[in-house]
Amino acid sequence: MKTGYAITLVSAVAAGQAVAQDSAEEFVPETLTIEETISEGPNVFAMDQAWAGPSAVNVLGAEDFAMKGNMGPGTTAQMELSKDGKTLYTTSVYMERYTYGPVTVVMHEWDVPTLSVRREFEISNKLAHVESQNALLSLTSDEAYLLAQNATPATSITVVDLGAGAPLAEIPTPGCWGAFPAVEGMKFTTICGDGTLASYSFEADGSFGEPGKSEKIFDVDEDALFTNGVRIGSELVFVSFNGNLYFVDDSGEAPVLTGTAPLTEGVLGGWAPSGSELIAYNAPTNTAFVLMHSGAYNGSHKDPATEIWSVDMETRTVIGRSPAHHENGLAVTQTEEPVLYGATEDGNVVRYDVEMGDEVTLTQAGEFETGAGFLTLLKLDR
Amino acid sequence: MNKYIDRLLSGLDKAVETSARGSARSHGRRSFLARAGASVLGAAALTPVLPFDRRASAAGAETADECSYWRHCALDGNLCSTSGGSLTSCPPGSSASAVSWVGTCTNPEDGKDYLVSYNDCCGKPTVSSATFCYTSEGERPGYRMGLYNDINWCMANTDKGYHCTVSVVVGLAE
């Protein structure tokens, strides 16, 4: 077999030389280059989170799902995108021998146009090794500080001073999870296992005081809150396992429950919310989108969605139900005409066009198989 | 009784759902302690040998390797019994997680609720052919850390790489 292949190859080379001699003057050797930047246009950032080895943040064209390249943080990565979409922050874990040995935790600052590392430094190795969610790595409103969730399993938040390029403080948040930055100031709100929410403030010198604790807001056993929240002005909105929205004002010293709204009351079929990043909010239309599944039972709160419900946040009512495609996560643009993206359990990104009106209709407008083993989170730059 | 029936039915639903979805997901952990208010448990405390364990073995190892097996009711991870270990033992060369999450699962044989400690085994790669289970009965987010199963419970070990998960019955829930 090898002999036959060699003869064929020699013949091909000989023929090639003949052709080359005939066209030597026209021949221009190709040059190896590197794309300097990604192509222009809006993007979808899709986290393929790895629990062993590097994670990948794949960058897709938001319109055509063109693959533009990726960024490569470490294991169990979290990500946060700057408001202008030009900078991506990741935190991730590096085990010295991949599956064992000493651990370092690195914060990377990525330059999105060139998909390159702008800077990196180590932060506390208490970082939680956990499925990526928006509430586990977030920027304060002035984008001066990063808030990173820790778990040893004792919980705390590492505050990273981006100006100094170093960790500023570790704020213990016992029994609480997630960090939702306040509208202004160096402050965040977190959800606690006793059914309360707590707001923590810190100073530029790294000092911090006691949190402002709310009254009991939800029942962890009867109607637990997902740790995904969307912000509408001074309020954070959370979804509960039973399909209720909880509106919490965190503008004061302590969070205050301002209202609840049932999404599933009177709806047949045992519908309930489910997924990971299961709610997204488009501010220009004041509309929220929620992942839902039917036939809910104890433990189905992470099932992939079979429908996406559109909710008018003015009237706090469901104004549309559309078929889903097994999504676990959602993200929506902040454009006047919203475009919705879903992350499916199979690692696909689904794009939906949104037709607004008295009734909201979602129409699948594209799907891209990322091939991700664990597509955990989507970020958008518009 | 209604509660028991509800849970049994939900278990059947989950068996179908888990079977359908298990093949689509290869790794990662989406879905950790206790409706009964159990606290994070040390691995050293997790070595009970209940009569019930022997019965489970006698009932056949096959069922224990399926996600629908009753004690896997809140297990998000690869079964150690299909990774070189067993229901209650980590594979050779790995280390047992120092902390764990706990589920409350109903044993259909006696109708009783048991506390099941889901310890991760650590310090090795996952086994590609292992059975991946994704059940979340009674599971809660990270603010109830002891019930949370979306996190790597090897977090408190020296060797933190996730390998697989065991289901160890540590007591009666009621």
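Below is a short chat about a predicted model with chains A and B.

Me: What should I know before reading off numbers?
Reply: The model is predicted, so local features need pLDDT of at least 70, side-chain atom pairs count only at pLDDT 80 or more, and totals for chains, interfaces and linings use all residues. Residues are numbered from 1 along each chain as its sequence is written, and chains are lettered from A in the order in which they are written.

Me: OK, the interface. How many residues does each chain put into the contact?
Reply: Chain B puts in 42 residues and chain A 40 residues. Contact here means that C-beta atoms, placed from the backbone, lie within 7 Å.

Me: Which element of chain B gives the most to that side?
Reply: Helix α1 of chain B, residues 2–22, with six residues. Helices are DSSP runs of H or I with at least four residues, strands are E runs of at least two, and both are numbered from the N terminus.

Me: And how do the residues on chain B's side divide?
Reply: Into 12 nonpolar, 13 polar and 17 charged. Ala, Val, Leu, Ile, Met, Phe, Trp, Tyr, Cys and Pro count as nonpolar, Asp, Glu, Lys and Arg as charged, and the others, Gly among them, as polar.

Me: Switching to sheets. What's the strand order in the one with β13 of chain A?
Reply: It's an open sheet of four strands, β12-β13-β14-β15 in chain A, with antiparallel pairing. Strands pair if DSSP finds at least two bridges between them.

Me: Why is one side of β12 and β15 left without a neighbour?
Reply: β12 (176–181) and β15 (212–213) of chain A stand at the edges with a single partner strand each, so one side of each has no neighbour in the sheet.

Me: How many bridges along the way?
Reply: Four join β12(A) to β13(A), five join β13(A) and β14(A), and β14(A) and β15(A) pair over two. As for partners, Trp177(A) bridges to Ile191(A) in β13(A), Thr190(A) stands opposite Ala198(A) in β14(A), and Ala198(A) also has Lys213(A) in β15(A) as a bridge partner.

Me: What about the turns, which residues have a positive phi?
Reply: In the hairpin of β12(A) and β13(A), with five residues between the strands, Gly185(A) has a positive phi of about 85 degrees. The hairpin of β13(A) and β14(A) has four residues between the strands, and Gly195(A) there also has a positive phi of about 85 degrees.

Me: Is β13(A) mostly covered or exposed?
Reply: Mostly covered: six of its six residues are buried. Buried means 20 or more other C-beta atoms within 10 Å of a residue's own, exposed means 12 or fewer, and partly exposed is in between, with C-beta atoms placed from the backbone. Lys187(A), Thr189(A) and Ile191(A) point one way, while Phe188(A), Thr190(A) and Cys192(A) point the other.

Me: What is Ala52(A) in contact with?
Reply: Leaving aside neighbours within four places in sequence, its contacts include Thr75(A) and Tyr98(A), plus Pro125(B), Thr126(B) and Gly161(B). The C-alpha atoms of Ala52(A) and Met95(A), 43 residues apart along the chain, are separated by 8.9 Å.

Terms used. Two residues are in contact if their C-beta atoms, placed from the backbone, lie within 7 Å.
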